[in-house]
Amino acid sequence: MKINKYDQKEIKQASAIALWSLLNLTFLPLLSFIVLLSKINNFAANSFATYHLNFAIKLNLAAATALILVSALIILFGGLNSGMTWVFVITYFISVHAVFILISVWMLVRAWAGHKMGYKQV
């Protein structure tokens, strides 16, 4: 009994996209995002890989916004010389960054399994 409807090629492409997304959040921040953007026109419009690519780009843009913008706002309002500002910035950055990495790992596992993100399979 075949559970997912995607072939091995689509699963491999989606897995590679999810891996690039994870690399963007961990080891190769800007380079991996450029690789993700370069893959935009490589897949069919409604393919499994396109779904994971769109999710990966949105996830990485949300992570960049949440991490950079909010950290900058905390520093702006708290001041550079306050110790508590840095406690908040470091705690916020590590906690939120860990959540985005967790979501990216979840996306990789879902791609390996041939599933889209979320629990409902339509």
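This is a predicted model: local features need pLDDT of at least 70, side-chain atom pairs count only at pLDDT 80 or more; totals for chains, interfaces and linings use all residues.
Helices (H or I, at least four residues) are taken as DSSP runs, as are strands (E, at least two), and these elements are numbered from the N terminus. Residues are numbered from 1 along each chain as its sequence is written, and side-chain values use heavy atoms, with hydrogens and water left out.

Two packed helices are described by the angle between their axes and the distance between the axes. Axes are here lines fitted to C-alpha atoms, for helices over the stretch in contact, with angles running from 0 to 180 degrees between N-to-C directions. The axes of helix H1 (residues 8-25) and helix H2 (residues 29-38) come within 7 Å, crossing at roughly 155°. H1 is therefore roughly antiparallel to H2, a term used for angles over 145 degrees. Their crossing is left-handed, meaning that the near helix is turned anticlockwise from the far one by less than a right angle. In this pair, Ile17, Trp20, Ser21, Leu23 and Asn24 of H1 meet Pro29, Leu30, Ser32, Phe33, Val35 and Leu36 of H2, where contact requires heavy atoms within 4.5 Å. The residues of this contact comprise eight nonpolar, three polar and no charged; Ala, Val, Leu, Ile, Met, Phe, Trp, Tyr, Cys and Pro count as nonpolar, Asp, Glu, Lys and Arg as charged, and the others, Gly among them, as polar.

The axes of H2 and H3 come within 10 Å and cross at roughly 145°, again with a left-handed crossing. Phe33, Leu36 and Leu37 of H2 make this contact with Leu53, Ala56, Ile57, Asn60 and Leu61 of H3, giving seven nonpolar, one polar and no charged residues. For H3 and H4, the axes come within 9 Å and cross at roughly 175°, so H3 is roughly antiparallel to H4. The contact of H3 with H4 contains 21 nonpolar, six polar and one charged residues.

About 240 Å³ of space lies in the largest pocket, a pocket being, on a 1 Å grid over the protein atoms alone, an open set of points where a 1.4 Å probe fits, with protein on both sides within 12 Å along at least five of seven lines, and lining residues having an atom within 4 Å of a point. Its lining consists of 14 residues, of which Asn24, Leu25, Pro29, Asn60 and Ala64 lie nearest the centre. Two or more lining residues come from each of H1, H2, helix H3 (48-78) and helix H4 (83-113), with H3 giving the most, six residues.

His97 lies in helix H4.

Terms used: Angles under 35 degrees count as roughly parallel, over 145 as roughly antiparallel, 65 to 115 as roughly perpendicular and the rest as oblique. Grid points are joined across faces, edges and corners, and a volume is the space filled by probe spheres set on the points.
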